[in-house]
Amino acid sequence: MTALPVLPPEAYVSRATTTGRAVCPYCGVGCVLDATVVDGRVERIAAVADAPNQGMMCPKGALLSRVFDDEQRLTQPMLRRAKNEPLRAASWDEAIRFVADRFRKTLDTRGPDAVAWYGSGQLDTEASYVFTKLFKGFLGSNHTDTNSRLCMSSAVAGYTLAFGSDGPPTCYDDIEHADTFLILGANMAVNHPVLFNRVRRRRTDADHARIVTVDPRFTKTAEHGDLHVPVAPGGDVALLQWLARRLLDAGHVDEGFVSAHTTGWPEHRACLESLEPGFLARLSGVPDDALEALAATIDRDHRLLTLYCMGANQSTVGTDKNTAIINLHLMLGQVGRPGCGPFSLTGQPNAMGGREVGYLAHQLPGYRKVADATDRAEIELAWGLSPGAILPEPGLTAVPMFEAAASGRFDAIWIACTNPVVSMPDAAVAKRALRNTPLVIVQDITTRSETAAYADVLFPACQWGEKSGTMTNSERLVVRSEKFLEAPGDAKPDWWAPARLGRAMGFDGFDFGNNEAVWSEFITLTDGRPCDCSGMTNDRLEQGPLRWPCPSADHPGAPRRYTDGVFATPDGKARFHTGRLDAPAETPDEAYPLWLTTGRVAAHWHTRTKSGLAPELARQEPDPFVELHPADAAQAGIDTGDACVVSSRRGQARATARLTERLRPGVVFATFHFGDGFAAGVNLNDTTHAACDPVSKQPELKACAVRVEKSEAAA
Ligand SMILES: Nc1nc2c(c(=O)[nH]1)N[C@H]1C(S)=C(S)[C@@H](COP(=O)(O)OP(=O)(O)OC[C@H]3O[C@@H](n4cnc5c(=O)[nH]c(N)nc54)[C@H](O)[C@@H]3O)O[C@H]1N2
Ligand SMILES: Nc1nc2c(c(=O)[nH]1)N[C@H]1C(S)=C(S)[C@@H](COP(=O)(O)OP(=O)(O)OC[C@H]3O[C@@H](n4cnc5c(=O)[nH]c(N)nc54)[C@H](O)[C@@H]3O)O[C@H]1N2
Ligand code: SF4
Ligand SMILES: [Mo]
């Protein structure tokens with residue numbers, strides 16, 4: 001076992017010691033961390049007290065020093081000129097020239113529709129901006145999407161429909177003012193642990209504070225709660241409608257707020273009254289006693305803070321789940337005041353920043369939209385493009401992008417900071433997509449990414465600590481991270497390669513000398529927009545973080561939005577949207593009798609390319625597992641520890657069985673942390689399916705039909 005170094009204080013002083021402050025590269029809580037670097041190695045990570053994490057961090061953050069010990073670290077560009085050749089090392093000049101020539105040829109022969117970019121909420125804002133500018137503005141392709149489509153796009157759609165703008169109205173300080181926490185489809189104790197500490201502390205400090213969890217599983221978060229509501233997969237809209245109807249009947253509607261600040265209430269109310277509560281209860285799958293307990297916990301007089309994440313978003317009714325949550329807050333008049341409101345938790349550290357720069361297929365910088373002519377014209381003018389340069393049709397979103405690539409639609413796809421052959425639903429399609437695209441560029445920090453094996457060009461990126469850059473956390477707090485380590489070899493900050501490519505192709509506007517120059521340009525495009533960062537100059541961010549909107553250099557930033565009851569819609573009113581009650585796209589049947597729901601464990605970060613380097617973390621959950629209810633296990637003759645195969649209509653994944661009564665019967669749970677690089681045949685996403693929400697286009701990663709068998713039986 002490799003012990004963490006414990007050195008006396010003098011040791012840091014007597015050797016070449018520097019420190020650096022940076023936001024944690026893992027979850028969207030955005031803990032600010034101080035790194036102590038001794039003789040070029042990170043020896044200590046400490047949580048900053050005067051930051052949203054209030055001096056706390058979780059083991060993933062604490063063990064960040066481990067991510068630098070990667071034998072497979074990518075340190076120089078690699079390329080091959082034909083698929084049957086091996087990759088060889090190249091200079092940046094050669095690699096950029098090669099890609100520029102290929103892009104030029106594609107633009108001349110097939111047009112901009114044949115190039116695509118697939119990025120990540122783990123890229124900093126500067127990189128996300130340069131990629132967006134290059135593809136949408138200068139290459140002329142709106143086929144730019146990111147893993148945020150698998151993550152936050154239902155939240156984006158929900159906020160935009162209801163409030164007229166993306167972005168949460170709330171901030172972390174609301175936790176200390178809230179009375180009731182409705183934690184829906186979020187396992188905060190595992191996935192946003194430091195923020196959950198603040199929720200737990202509030203419950204300890206305020207006798208009346210209550211925590212309610214809504215999840216098909218009794219999670220680690222539920223352990224700290226007052227009430228657990230075991231919803232059926234996809235049953236959330238029915239549950240929230242049931243609750244809304246009950247609150248309506250009990251006279252909890254804030255009529256004053258509703259009539260002054262919203263539209264659509266009469267229609268929504270009529271819909272609630274038309275639905276039979278018993279029908280909604282059955283659809284939600286929740287037993288009557290739990291429903292009654294839920295109704296007894298929520299009312300108009302207690303401040304309700306709803307915290308939600310992938311159990312809400314990753315669904316074919318993800319947008320409807322989001323609007324159902326927001327509807328509840330609107331009818332209670334609980335938006336724009338301290339201690340209450342809908343609060344989507346962002347997964348990745350910069351899933352917010354990427355939305356601000358408009359990296360999704362339907363977006364443009366500053367919360368603008370591709371489909372809006374005025375928005376396009378403003379960006380064209382800012383980028384020095386001729387009118388009409390930005391195409392009016394939104395590009396392909398993640399799932400259709402990979403489906404199109406699988407059928408040979410693209411000449412080139414550039415993948416940055418994400419590992420889609422492990423993380424995309426129905427992963428076989430993602431693999432076929434990369435095999436069938438002549439030029440695959442992968443920009444990563446390591447060849448441990450399974451996606452790197454499909455690359456024709458590898459661009460080496462600086463990782464955390466090796467670059468300075470900006471990210472926005474879940475509460476709209478914009479944090480600048482410092483560089484405190486030299487990058488190995490030729491690794492470059494992520495904004496650098498697209499900027500160099502832009503220059504190599506002869507485009508104006510890519511002469512950025514550093515990340516500060518990129519930032520300065522980006523913030524001008526937010527001037528007067530909902531996500532206004534124009535007052536956040538580089539100098540100010542170097543002094544400390546700021547929350548948007550921050551419209552001028554002397555503005556302190558805004559903890560909450562919509563405090564005056566004026567929303568970002570044309571008439572200033574928030575809108576009720578009555579959701580659909582549809583079941584998940586695939587329901588269990590005789591051949592595949594169980595629901596598979598998927599998610600995360602505390603020890604691993606996604607596809608484990610970084611967190612897997614910390615033995616202390618890897619040992620906690622060393623192997624892929626599948627959790628089954630004992631009743632379901634008995635039917636299949638499975639016991640804890642049995643080697644099993646999870647099969648769906650798409651494919652199979654191997655996992656070891658764990659029996660637990662903490663699941664709803666009929667539901668099994670497994671994680672997507674293990675890819676083919678860990679072991680052949682273990683990728684859970686070989687079984688998941690690609691059905692998407694019709695509005696947000698977010699895939700349904702939380703529900704598909706599977707069968708679980710012992711390995712011998714499956715063979
Ligand atoms: N340790 C760790 N932390 C992480 C990450 C990580 O990989 N590891 N990833 C980060 C990222 S990018 C994200 S997006 C977040 C995700 O954070 P979470 O959303 O908290 O994580 P998940 O485990 O994917 O899913 C949350 C819960 O949704 C439940 N669920 C499934 N189906 C339904 C349903 O139909 N309704 C309801 N109400 N619940 C349902 C699951 O049982 C699960 O407990 O975590 C972030 N933090
Ligand atoms: N079944 C199922 N599938 C899911 C989900 C689920 O709940 N269930 N959740 C979905 C969600 S919410 C998400 S966010 C995705 C996450 O899925 P991915 O984005 O594919 O997961 P990561 O492992 O975080 O991939 C990040 C990649 O970037 C590399 N990297 C790290 N730092 C840097 C850097 O600074 N620069 C560059 N260029 N590269 C870097 C890493 O080595 C790694 O290869 O998975 C999705 N897939
Ligand atoms: S809670 Fe999230 S941001 Fe904070 S240290 Fe842990 S992984 Fe990093
Ligand atoms: Mo995510």
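Biologist: Which domains is the protein chain divided into?
Modeller: In this predicted model, domain 1 covers 16–68, domain 2 covers 78–150 + 353–507, domain 3 covers 153–344 and domain 4 covers 594–710. The bounds come from an automatic or database domain assignment.

Biologist: How much area is buried between domain 3 and domain 4?
Modeller: About 2,000 Å², with carbon and sulfur atoms giving 51%. Buried area here is the accessible area (1.4 Å probe) that two parts lose on being put together, summed over both.

Biologist: Which residues in domain 3 lose the most area to domain 4?
Modeller: Arg-217, Gln-314 and Thr-316, together 35% of what that side buries.

Biologist: How many salt bridges across that interface?
Modeller: Two, by the rule: a side-chain nitrogen of Lys or Arg within 4 Å of a carboxyl oxygen of Asp or Glu.

Biologist: And what do Glu-223 and Arg-662 do?
Modeller: Their side chains meet in a salt bridge, 2.6 Å from N to O.

Biologist: Switching to ligand 3: which residues are around it?
Modeller: Those with a heavy atom within 4 Å count. Among them are Cys-24, Cys-27, Cys-31 and Cys-58, along with Lys-60 and Pro-193.

Notes
Residues are numbered from 1 along each chain as its sequence is written. Chains are lettered from A and ligands numbered from 1 in the order in which they are written. This is a predicted model: local features need pLDDT of at least 70, side-chain atom pairs count only at pLDDT 80 or more; totals for chains, interfaces and linings use all residues. Side-chain values use heavy atoms; hydrogens and water are left out.
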